[in-house]
Amino acid sequence: MRQKKFILPEQEIPTQWYNIMAEMKNKPQPMLHPETRQPIKAEDLYGIFGEEPSRQEVNMTDAWIDIPEAVREQYTTYRSTPLVRAYALEKALDTPAHIYFKNESVSPVGSHKLNSALPQAYYNKIEGTTNITTETGAGQWGSALAYACKVFGLELAVYMVKISFEQKPYRRSLMQTWGAQVTPSPSMSTNIGRKIITEDPFSNGSLGTAISEAIELAQRTPNCKYALGSVLNHVTLHQTVIGLEAEKQMAMTGEYPDIIIGCFGGGSNFGGISFPFMRHILSGERSGTRFIAAEPSSCPKLTRGKLTLDYGDEAGYTPLIPMRTLGHTFKPANIHAGGLRFHGSGSIVSQLLEDGYMEAADISQSEAFKSGVLFAQTEGIVPAPESNHAIAAAIREALVAKEEGKERVILFNLSGHGFVDMAAYDQYLTGDLVDYSPSEETICESLQSSVIK
């Protein structure tokens, strides 16, 4: 059977984002000021972030937050994104499961990241900011923010994790095409970058390092703010347009998901697809829906990390965040899913995992790419390496349904396409892809060296 796509009319595109913190029974613990150890207030963040994103970050009372008209106007250039029934994948797996995917790869930048890049750029613009700095792993966030800054007339400087800068030259080209300045991290342009290079001249970088460099540059540059692409609450808030659309689209199919899956780096893509559905669990309207975060086995903060206070960056410039973490000094392996190579998880997801509302699965790099190739062969889309983790988890669940002879409805978020990640597929197809899994000793050492005193 051919694919069937479900598209919403323009008037059905969300006009508000959903703030799950307002309805959580156990609120996430607040971020703490690194010096006073007091809970962070919105104004404490103004020196780094835009003011409205800072207010959204600490808002635990308003379940619904209006999407500015200028942002929604930009959303309508690519939203709603299709919900697709993956009939060919189901057939290849010979499973009774019904598999649906939300196709975020159709955005102008090829991923879900634009959903938060647009509002962050917009808020900074109307507040008088002229320059923004950021970090990027695989380059999807950097590409999205580069496009959004061009839309709203802002200058952007991006610190790209060095290994991804080298592995993914076309992501770099995309950012530069949209006018961004791109620097491999660690670099000699910041104090923290110089320190790391001095200690390890061959460092391949990490998201924690790139965040430190971007924050340092923002703090010493006039009229400049920093923008983040995952982990923090306001970023996940913006991504809930995904799940809110998917709710309406699933209703059009006459089915409701038993299992909802998103790949996991810091939490924005997973939260974006999951939180609007999870609100029905929190309210007691529904029960039994499973929510699975699919993370790389090389960076397993949810499955093997510790819930504690930690910095979001290597240098310790950020507030102390209550998170499931491997420690901010953790050096992730050089996997191709660069967007998932972050040491910690957002405070909302960390609390939801602690309370049993969701679960996590770790996926090896080889399983992720094997699943991505099958998806490409059956559904015709080459997925991003990050998205392959969600596909792998969905395939696992579909095969369990086959073993048990039970029909299940599975929904996953296809967070982006992999058309500029083909070097990674080349390595997989030639048998050169390597799996990584940190030892318990490595994780313990990282957590010990990251202890907040």
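Where is the place of Pro186? You'll find Pro186 in the loop between β8 (181-185) and α8. Bear in mind that this is a predicted model.

- Most peptide bonds are trans, and most residues other than glycine have a negative phi.
- The bond joining Ser185 and Pro186 is a cis peptide bond, with omega at about 10°.
- Another cis peptide bond runs from Arg79 to Ser80, and its omega is near 5°. Ser80 sits in the loop between α2 (69-75) and β4 (83-85).
- Asp94 isn't a glycine, yet it has a positive phi of about 50°. Look for Asp94 in the loop between α3 (87-93) and β5 (98-103), where it counts as exposed because its relative accessibility is 54%, and exposed means over 50%.
- Asn223 isn't a glycine either, and its phi is positive at about 60°. Asn223 belongs to the loop between α9 and β9 (224-226), and at 43% relative accessibility it counts as partly exposed.

**A helix pair**

- Helix α8 (residues 191-199) and helix α9 (residues 207-220) have axes that come within 8 Å and cross at roughly 145°.
- On the α8 side, the contact is made by Asn191, Ile192, Gly193 and Ile196; on the α9 side, Thr209, Ser212, Glu213 and Glu216 take part.
- Sort the residues of this α8 and α9 contact by type and you get two nonpolar, four polar and two charged.

**Empty spaces**

- Rolling a probe the size of a water molecule over the atoms shows where empty space is left.
- The largest pocket has a volume of about 160 Å³. Twelve residues line this pocket, and the closest to its centre are Asp200, Ser203, Asn204, Gly205 and Lys331.
- The lining of the largest pocket is made up of two nonpolar, five polar and five charged residues.
- As for cavities, the structure holds six of 30 Å³ or more. The second largest cavity has about 120 Å³ of space, and among its 14 lining residues the closest to the centre are Phe49, Leu228, Leu232, Thr318 and Ile321.
- The lining of the second largest cavity has twelve nonpolar residues, two polar ones and no charged ones.

**Side chains to click on**

- Ser446 is in helix α18. With a relative accessible area of 5%, Ser446 is buried, because buried means under 20%.
- The side chain of Ser446 reaches the backbone nitrogen of Phe330 at 3.2 Å. Beyond its neighbours within four places in sequence, Ser446 touches Leu326, Gly327, Thr329 and Phe330.
- Ser297 lies in the loop between β11 (290-296) and α13 (301-304) and counts as buried at 9% relative accessibility.
- A polar atom in the side chain of Ser297 lies 3.5 Å from the backbone oxygen of Tyr436. Leaving aside neighbours within four places in sequence, the contacts of Ser297 include Asp362, Ile363 and Pro438.
- Asp432 is in the loop between α17 (422-429) and α18 (440-449), and it is partly exposed, with a relative accessible area of 47%.
- The side chain of Asp432 makes a polar contact with the side chain of Thr430 at 3.1 Å. Asp432 and Ser366 are 66 residues apart along the chain, and their C-alpha atoms are separated by 9.9 Å.

Definitions and conventions
Residues are numbered from 1 along each chain as its sequence is written. This is a predicted model: local features need pLDDT of at least 70, side-chain atom pairs count only at pLDDT 80 or more; totals for chains, interfaces and linings use all residues. Side-chain values use heavy atoms; hydrogens and water are left out. Axes are lines fitted to C-alpha atoms, for helices over the stretch in contact, and angles run from 0 to 180 degrees between N-to-C directions. Helices (H or I, at least four residues) and strands (E, at least two) are DSSP runs, numbered from the N terminus. Contact means heavy atoms within 4.5 Å. Ala, Val, Leu, Ile, Met, Phe, Trp, Tyr, Cys and Pro count as nonpolar, Asp, Glu, Lys and Arg as charged, and the others, Gly among them, as polar. On a 1 Å grid over the protein atoms alone, a cavity is a set of points where a 1.4 Å probe fits but cannot get out, and a pocket is an open set with protein on both sides within 12 Å along at least five of seven lines; lining residues have an atom within 4 Å of a point. Grid points are joined across faces, edges and corners, and a volume is the space filled by probe spheres set on the points. Buried means under 20% relative accessible area, exposed over 50%, partly exposed in between (1.4 Å probe, protein chains only). A polar contact is a pair of N or O atoms within 3.5 Å; within protein, one must be able to donate a hydrogen and the other to accept it, and residues adjacent in sequence count only if both atoms are side-chain atoms.
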